[in-house]
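Please look over the model shown here before reading on. The paragraphs after it go from the whole chain to single residues.

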Amino acid sequence: MLELTEPVENPALLAATLSAKVSRLMHGRKVDVLLSAPNLKRLPIHDIAFEEGVL
């Protein structure tokens, strides 16, 4: 979960890029990236991430 204070122009590309970089750093382990930004719709998955996510 990545909380951003500024709007994101291309959230899908940003999430995919970050996921790929982190996955490479973790030796290929699958990584899911969830974005929260002022211009993005808040979905139930965001609430789950906030409640159950581990820092």
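Predicted model: local features only at pLDDT ≥ 70, side-chain atom pairs only at ≥ 80, totals over all residues.

Residues are numbered from 1 along each chain as its sequence is written, and side-chain values use heavy atoms, with hydrogens and water left out.

The chain contains two helices and two strands. Their order along the sequence is β-α-β-α. Here helices (H or I, at least four residues) and strands (E, at least two) are DSSP runs, numbered from the N terminus. Taken along the principal axes, the box filled by the C-alpha atoms is roughly 30 × 25 × 15 Å.

Several totals describe the chain as a whole. Its accessible surface is about 4,600 Å², and carbon and sulfur atoms account for 59% of that. Accessible areas come from the Shrake-Rupley method with a 1.4 Å probe, and for residues only the protein chains shown count as cover. Of the 55 residues, 16% count as buried. Buried means under 20% relative accessible area, exposed means over 50%, and partly exposed lies in between (1.4 Å probe, protein chains only). For contacts between residues at least 6 apart in sequence, 56% join residues at least 24 apart, where contact means heavy atoms within 4.5 Å.

Helix α1 covers residues 11-25 and includes Ser19. Which residues does Ser19 contact, leaving aside its neighbours within four places in sequence? They are Val31 and Val33. Ser19 counts as buried because its relative accessible area is 18%. Ser23 is also found in helix α1, and at 17% relative accessibility Ser23 is buried. Not counting residues up to four places away in sequence, Ser23 touches Gly28, Arg29 and Val31.

Val31 is placed in the loop between α1 and β2 (35-36). Its relative accessibility is 17%, so Val31 counts as buried. With residues up to four places away in sequence set aside, Val31 touches Ser19, Val22, Ser23 and Met26. Val31 and Leu18 are 13 residues apart along the chain, and their C-alpha atoms are separated by 9.0 Å.

The loop between α1 and β2 also holds His27. His27 is not a glycine, yet its phi is positive, at about 55°. Most residues other than glycine have a negative phi. Is His27 buried or exposed? His27 counts as exposed because its relative accessibility is 78%.

Val22 and Met26, both touched by Val31, also belong to a nonpolar surface patch with Leu25, and the three have about 280 Å² of accessible area together. Patches are made of residues with over 30% relative accessible area and no salt bridge, with like charges joined within 9 Å and nonpolar side chains (Val, Leu, Ile, Met, Phe, Trp, Tyr) within 5 Å. Leu25 lies in helix α1 and is exposed, since its relative accessible area is 69%.

A salt bridge is a side-chain nitrogen of Lys or Arg within 4 Å of a carboxyl oxygen of Asp or Glu. By this rule there are two salt bridges. One joins Lys30 to Asp32, with the closest N and O atoms 3.0 Å apart, and both of these residues are exposed. Arg42 and Asp47 form a salt bridge through their side chains, at 2.8 Å from N to O. Arg42 is partly exposed, with a relative accessible area of 49%, and Asp47 is partly exposed at 33%.

The last stop is Met1, in the segment before β1 (2-3). Met1 counts as partly exposed because its relative accessibility is 41%. Leaving aside neighbours within four places in sequence, Met1 is in contact with Leu34, Ser36, His46, Ala49 and Phe50. Met1 and Glu52 are 51 residues apart in sequence, and their C-alpha atoms are 11 Å apart in space.
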